[in-house]
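Hi,

Here's the structure I said I'd pass on.

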Amino acid sequence: MRDKNVKTSYDNASTLDSDRVLLSIQDRCNQWISEQKSRHIDTMYAHIKSGKMLRSKLILAILPLESYANQTDKILDLCAIVELIQCASLLHDDVIDEADTRRGRASINVSFGNKNAIMLGDVLYSNAYVKLCDFEPSIASTIAQAVSHLARGEIEDVSYSGNFQPDLEIYYRILSDKTASLIAACAKAAALFGGLDSSAYEAYGYNLGMAFQVVDDILDITQDKAILGKPAMNDVREGKSTLPYILLYHTLSNNEKEHFLRLFTKADEKSIAALRNMLLDSSALAESKQIAQDFIQKAKQAIAQENNARLIQIAQAMIERNF
């Protein structure tokens, strides 16, 4: 599908990340939702603030519009589909986590209630799937399978929340399903669309997704509400056993582990402050960052033969981000 007459320029970020292109993707999402012709849906959807659009940027880095000029609409449609899916998953997450804020403003579940938040998520999912039917079966099934994995990971995450979960294998399995699966699917679907090595790009996306969530785990501890757009130390409030906590736990003596578990279970403000101090005084955050860097290195290695400087930039920015 690549237009052979157009020169590739992976390091030209003006096309990939311009406000114009990202706004065009958002406009597609808005148009599709408006086709429901529901004032209630429009009101709730207008309340949602756009995020980083990482998955769209990833697709655009693999399928630069200047190199696929005759496929622009389809590429932007694929981006919009993924953005609706990601948004829907966050709406459901916020209900499950009883979240008050999302990206610096009141969450949909707080503003309109849990039932409306769940149903709005269903609207976004269903709209995305309708548009996904316009793509080749291999691309559609790649995205659909990732959403299935995402749901499986959410169920497993809920099953372990509340009580501390110290098993790294379980942590990585949940992370793989909840976060990495959709990012990997975006990369694979884009590669399939462009006739590229889908396995290489899938591996890149998978490792990028793993790193993304590990960095999120770290930032939840090290940053504040103003930067995060939600309360800091929110993971422990939600009873989530993330990588820094697990790594810290395994360095403690038996008595220290008992103290740690009391703090984690109680999760009042005094206990949370004590846990944060324990984390900051330990090597857990540095070890977590190294693990994230290892995932980023694997991502870079996966597409080393593709000569895609933009994907390397995305990977590097992932490890350096502070929100």
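How much space lies in the second largest pocket? About 250 Å³. By pocket I mean an open set of points on a 1 Å grid over the protein atoms alone, with protein on both sides within 12 Å along at least five of seven lines; a cavity is a set where a 1.4 Å probe fits but cannot get out, and lining residues have an atom within 4 Å of a point. Points are joined across faces, edges and corners, and a volume is the space filled by probe spheres set on them.

Before you go further: this is a predicted model, where local features need pLDDT of at least 70, side-chain atom pairs count only at pLDDT 80 or more, and totals for chains, interfaces and linings use all residues. Residues are numbered from 1 along each chain as its sequence is written, and side-chain values use heavy atoms, with hydrogens and water left out.

Eleven residues line the second largest pocket, with Lys 52, Leu 54, Lys 57, Ala 317 and Arg 321 closest to its centre. α17 contributes the most to this lining, five residues (helices are DSSP runs of H or I, at least four residues, and strands are runs of E, at least two, numbered from the N terminus).

Now the inside. There is one cavity of 30 Å³ or more, and the largest cavity has a volume of about 120 Å³. Of its 13 lining residues, Ile 48, Lys 49, Leu 91, Arg 102 and Ile 108 lie nearest the centre. α5 (72-97) and β2 (105-106) each give two or more residues to that lining, and α5 has the largest share, with four.

Cheers
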